[in-house]
Amino acid sequence: MEKFVRLEGLVAPLDRANVDTDAIIPKQFLKSIKRSGFGPNLFDEWRYMDMGQPGEDCTGRPRNPDFFLNQPRYQGAQILLTRKNFGCGSSREHAPWALLDFGFQAILAESYAEIFFNNCFKNGILPIVLPAADIDLLMAEVQATPGYRLVIDLEQQVVVLPAGKVLPFTVDAFRKECLLKGWDDIGLTLRHADKIRVFEEKRRNEQPWLFATGASSA
């Protein structure tokens, strides 16, 4: 998992509350567990004018010109700005996979569904909770200002606006450390690789029958 320390990125606004995971990545795309390749189908039913299918080349599909991700001013956005209860619905981990694969590294919202919130941290996305008043301010500024960018400093736990205004946010200390150091669940386990090897070798010596490949046939 990539480290998240400081991000200066273009902001894209999704001015909707209660966006569920089926809207983020529709159910027909859940067959793969590769964690990659979901970006073209992010918000598929809102982004395109036809029904998308797994494995389909999206380059020629008709796009909804009114959807924010199809507007040139938001191309290359790395920060998603949205409303309350983002990521509600089913608990699919494909939702943060699709957001990350598209290029989003952080989300700003009033609140999140709990499982989606947890899955973001596990996949290297920083989901920031801000008061409604701050979201209102940001939404107005982003929509009024093409090329609107924010700085997110995880070490200092602040969002810095272009004019210099600072919005503090809170984050669990353990989750913060994992993002700063790029530790997902596998990374956390591999920190103890030497101890794991010692344990396995000891077990192999003490219980060799567990590692037998089977007796040869006569």
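This is a predicted model: local features need pLDDT of at least 70, side-chain atom pairs count only at pLDDT 80 or more; totals for chains, interfaces and linings use all residues.
The protein has 218 residues, of which 44% are buried. Its secondary structure amounts to eight helices and seven strands, and the C-alpha atoms occupy a box of roughly 80 × 45 × 25 Å along the principal axes. The accessible surface is about 11800 Å², with 52% of this area assigned to carbon and sulfur atoms. Of the contacts between residues at least 6 apart in sequence, 65% connect residues at least 24 apart.

In soluble globular proteins, nonpolar side chains tend to be buried together. The largest nonpolar core in the model contains 58 residues. The members that touch the most others are Phe43, Phe86, Leu99, Leu108, Phe116, Leu126 and Ile152. When neighbours within four places in sequence are set aside, Phe43 is in contact with Leu14, Val19, Ala23, Ile24, Phe67, Phe68, Leu69, Leu80, Phe86 and Leu99.

Leu126 also belongs to a strand pairing: it lies in β4, opposite Ala106. Strands β3 (residues 106-109) and β4 (residues 126-129) are parallel and share four bridges.

Helix α6 spans residues 173-181, and its buried residues are Lys176, Cys178, Leu179 and Leu180. Just after α6, Gly182 adopts a positive phi of about 70°.

Definitions and conventions: Residues are numbered from 1 along each chain as its sequence is written. Side-chain values use heavy atoms; hydrogens and water are left out. A nonpolar core is a set of buried Ala, Val, Leu, Ile, Met, Phe, Trp, Tyr and Cys residues joined through side-chain atoms within 4.5 Å. Buried means under 20% relative accessible area, exposed over 50%, partly exposed in between (1.4 Å probe, protein chains only). Contact means heavy atoms within 4.5 Å. Helices (H or I, at least four residues) and strands (E, at least two) are DSSP runs, numbered from the N terminus. Two strands pair if DSSP finds at least two bridges between them. Accessible areas come from the Shrake-Rupley method with a 1.4 Å probe; for residues, only the protein chains shown count as cover.
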